[in-house]
Amino acid sequence: MNLTELIRSARASRNWEPLIDLVPYARFLNLRLDIKGDQFTACMPFDRKLIGNPALPALHGGATGGFIECAGMFYLLWHMESADLPKTINFNFEYLRSGRPEDTYANVFMVKQGQRVAHLRVEAWQSSPDKPIATGHGNFMLKAAPSTEGNA
C-alpha cells in the first residue's frame with residue numbers, strides 16, 4: 001500500500017497506527033491519536049525513556065517538542081484533504097512548566113491555512129488543558145494543488 005492509500009485508509013477507518021508507524025520519532029514516542037467527531041487530541045503515553053531529568057523527574061524537552069511537532073503534522077493529515085505529508089518549515093516552542101512522569105496530551109488549533117502554508121498552534125498538557133506544560137507554533141508547507149492553467 002502506498003502512502004496515499006495509507007492516508008486515505010487511516011481517515012476512513014480512523015486507525016492511524018499504520019501511518020504513525022511510518023514516522024520513526026512518532027513511533028519512538030508511542031504517539032496515539034484520539035479523534036472523536038471534530039475533536040482531535042494526540043497522546044504521548046508516559047515511558048521512562050522520556051525522562052530527561054531523573055532528579056525531578058521531568059520529561060525531556062526534546063520529547064515534549066517532538067511530540068508537539070508530530071501532533072501538528074498528524075493534525076494536518078487528519079484535517080486536510082491532501083494525501084501528502086506536510087513538511088515543517090519552522091517550529092518554535094515555549095516550555096511553560098516541567099512535564100511530569102505521566103501521559104501528555106496535545107490539542108491543535110489552525111491559526112491560518114493558505115493554499116501552500118498552514119500555521120498551527122499546539123498546546124501540550126497533562127492534568128488539564130487549562131494548564132499547558134508547553135506550546136508550539138509552526139508553519140507547514142502543504143503540497144500545492146495541481147495547476148489547471150494552460151489546460152483549457
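Is Glu 123 buried or exposed? Select Glu 123 and you'll find a buried residue, with a relative accessible area of 19%. Here, buried means under 20% relative accessible area, exposed means over 50%, and partly exposed is in between, using a 1.4 Å probe and protein chains only.

Before going on, a word about what you have open. This is a predicted model, in which local features need pLDDT of at least 70 and side-chain atom pairs count only at pLDDT 80 or more, while totals for chains, interfaces and linings use all residues. Residues are numbered from 1 along each chain as its sequence is written, and side-chain values use heavy atoms, with hydrogens and water left out.

**Stop 1: the salt bridges**

A salt bridge is a side-chain nitrogen of Lys or Arg within 4 Å of a carboxyl oxygen of Asp or Glu. Arg 121 is partly exposed, at 29%. By this rule there are three salt bridges to find.

Next, pick Lys 36 and Asp 34, whose side chains form a salt bridge at 3.3 Å, N to O. Lys 36 is exposed, at 58% relative accessibility, whereas Asp 34 is partly exposed, at 36%.

Then try Glu 102 and Arg 100, joined at 3.2 Å, N to O. Glu 102 is partly exposed, with a relative accessible area of 29%, and Arg 100 is partly exposed too, at 33%.

**Stop 2**

Switch to cartoon view and look for an open sheet of six strands, in the order 1-2-6-7-8-5, with antiparallel pairing. Strand 1 (32–36) and strand 5 (87–95) sit at the edges with a single partner strand each, so one side of each has no neighbour in the sheet. From one strand to the next, the twist averages 25°. Strands (E, at least two residues) and helices (H or I, at least four) are DSSP runs, numbered from the N terminus, and two strands pair if DSSP finds at least two bridges between them.

Now colour residues 104–113 and 117–125: these are strand 6 and strand 7, which run antiparallel and are joined by eight bridges.

**Stop 3**

Select residues 61–79. This is helix 4, which lies across strand 1, strand 2 (39–44), strand 5, strand 6, strand 7 and strand 8 (132–141), and runs at about 55° to strand 6. Axes are lines fitted to C-alpha atoms, for helices over the stretch in contact, and angles run from 0 to 180 degrees between N-to-C directions.

Within helix 4, click on Phe 67. Phe 67 is buried, with a relative accessible area of 0%. Leaving aside neighbours within four places in sequence, its contacts (heavy atoms within 4.5 Å) include Leu 29, Ala 42, Met 44, Tyr 105 and Ala 124.

**Stop 4: a loop residue**

Move to Asp 103, in the loop between strand 5 and strand 6. Asp 103 is partly exposed, at 31%. Beyond its neighbours within four places in sequence, Asp 103 is in contact with residues including Pro 45, Phe 46 and Trp 125.

**Last stop: a surface patch**

Finish by showing the surface and selecting Leu 3, Leu 22 and Leu 85, which form a nonpolar patch with about 230 Å² of accessible area together. Patches are made of residues with over 30% relative accessible area and no salt bridge; like charges are joined within 9 Å, and nonpolar side chains (Val, Leu, Ile, Met, Phe, Trp, Tyr) within 5 Å. Areas come from the Shrake-Rupley method with a 1.4 Å probe; for residues, only the protein chains shown count as cover. Leu 3 is in helix 1 (residues 3–13) and counts as partly exposed, at 31% relative accessibility.
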